[in-house]
Amino acid sequence: MSDPFQVLEQEHRLISKLLDALAKAVERDMPLGYYERAVQFIAVYANEFHHAKEEDILYRYLIDHGMPRDYGPLGIVLEEHDYGDEHVAAMRAQLEAGDLPGLVETIKMYVELLRQHVATEDDLLLPMGRAMLTEEEVAEVAGRFEGVADPEPSLKHYEDLVEQLGAEVEVPA
């Protein structure tokens with residue numbers, strides 16, 4: 001069984017690779033199709049697959065241990081999830097409208113938000129969570145993580161997609 005904290009950190013690395021690609025893409029004249037694929041990754045991999053592990057599993061354990069949901073590190077992280085969802089909705093609307101300049105501006109804000117968000121989780125919230133949970137609870141979280149269905153069409157599809165998007169804007173692998 002994998003350590004759930006390491007699982008989330010590994011998923012953060014993949015999300016961060018996408019953020020690096022997006023940061024480069026907005027400096028170039030990338031077509032809407034590039035951004036459509038990136039937004040698909042964000043919506044499915046980050047917001048559905050990854051956040052399910054955080055919000056539906058790990059964070060519930062932290063709340064049960066007395067970590068406040070509405071303020072402090074967890075409150076900040078959950079609020080950032082909401083802001084991220086708002087950015088994704090805006091990106092989808094901008095894609096549908098063909099609004100490339102608006103999309104680029106929203107992506108810039110999203111990249112900045114998510115870079116800070118990942119740092120907050122990796123450097124503060126996950127170490128706090130690791131210290132709060134017993135070995136048995138960590139094992140329970142790990143078991144519940146294994147029950148989270150892989151994103152459709154497959155986990156490998158999204159890993160390959162990030163590599164492809166990065167290669168298209170010359171982000172080192």
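User: Which residues of H2 meet H5 in this model?

Analyst: From H2 come Lys 53, Asp 56, Ile 57, Leu 58 and Tyr 61, and they meet Glu 137, Glu 140, Val 141, Arg 144 and Phe 145 of H5. Please keep in mind that this is a predicted model.

User: Why is H2 called roughly antiparallel to H5?

Analyst: The two helices, H2 and H5 (residues 135-146), pack at about 165 degrees, with axes 10 Å apart. The label is given to angles over 145 degrees, so H2 counts as roughly antiparallel to H5. As for its hand, the crossing in which H2 passes H5 is right-handed.

User: What makes up the contact of H2 with H5, by class?

Analyst: There are five nonpolar residues and five charged ones, with no polar residue. Tyr is counted as nonpolar, and Tyr 61 of H2 belongs to this contact.

User: What makes the contact between H2 and H6?

Analyst: On H2 the residues are Tyr 34, Arg 37, Ala 38, Gln 40, Phe 41, Val 44, Tyr 45 and Phe 49. On H6 they are Leu 155, His 157, Tyr 158, Leu 161, Val 162, Gln 164, Leu 165, Gly 166 and Glu 168. Sorted by class, this contact has 11 nonpolar, four polar and two charged residues.

User: How do you know that H1 is roughly parallel to H6?

Analyst: Here the packing angle is about 25 degrees, with the axes 9 Å apart. Angles under 35 degrees count as roughly parallel, and therefore H1 is roughly parallel to H6. H1 passes H6 in a left-handed crossing.

User: Which residues of H1 and H6 make the contact, and how do they divide by class?

Analyst: H1 brings Leu 14, Lys 17, Leu 18 and Ala 21, while H6 brings Glu 159, Val 162, Glu 163, Leu 165 and Gly 166.

User: Which helix gives the most to the lining of the largest cavity?

Analyst: That is H4, with five residues. Helices H1 (4-25), H2, H3 (72-97) and H4 (100-132) each supply at least two. The lining of this cavity comprises six nonpolar, seven polar and two charged residues.

User: And what is the volume of the largest pocket, and which residues lie nearest its centre?

Analyst: The volume is about 280 Å³. Among its 17 lining residues, Val 7, Glu 11, Phe 49, Lys 53 and Leu 155 lie nearest the centre. H1, H2, H5 and H6 are the elements giving two or more residues to this lining, and the largest share, five residues, is from H1. By class, the lining of the largest pocket has nine nonpolar, two polar and six charged residues.

User: Which peptide bond is cis?

Analyst: The bond from Glu 152 to Pro 153, where omega is near 5 degrees. Pro 153 sits in the loop between H5 and H6.

User: What is the phi of Glu 170, and where is its place?

Analyst: Glu 170 has a positive phi of about 65 degrees, although it is not a glycine. You will find Glu 170 in the segment after H6.

Note on methods. Residues are numbered from 1 along each chain as its sequence is written. This is a predicted model: local features need pLDDT of at least 70, side-chain atom pairs count only at pLDDT 80 or more; totals for chains, interfaces and linings use all residues. Side-chain values use heavy atoms; hydrogens and water are left out. Contact means heavy atoms within 4.5 Å. Helices (H or I, at least four residues) and strands (E, at least two) are DSSP runs, numbered from the N terminus. Axes are lines fitted to C-alpha atoms, for helices over the stretch in contact, and angles run from 0 to 180 degrees between N-to-C directions. Angles under 35 degrees count as roughly parallel, over 145 as roughly antiparallel, 65 to 115 as roughly perpendicular and the rest as oblique. A crossing is left-handed if the near helix is turned anticlockwise from the far one by less than a right angle, and right-handed if clockwise. On a 1 Å grid over the protein atoms alone, a cavity is a set of points where a 1.4 Å probe fits but cannot get out, and a pocket is an open set with protein on both sides within 12 Å along at least five of seven lines; lining residues have an atom within 4 Å of a point. Grid points are joined across faces, edges and corners, and a volume is the space filled by probe spheres set on the points.
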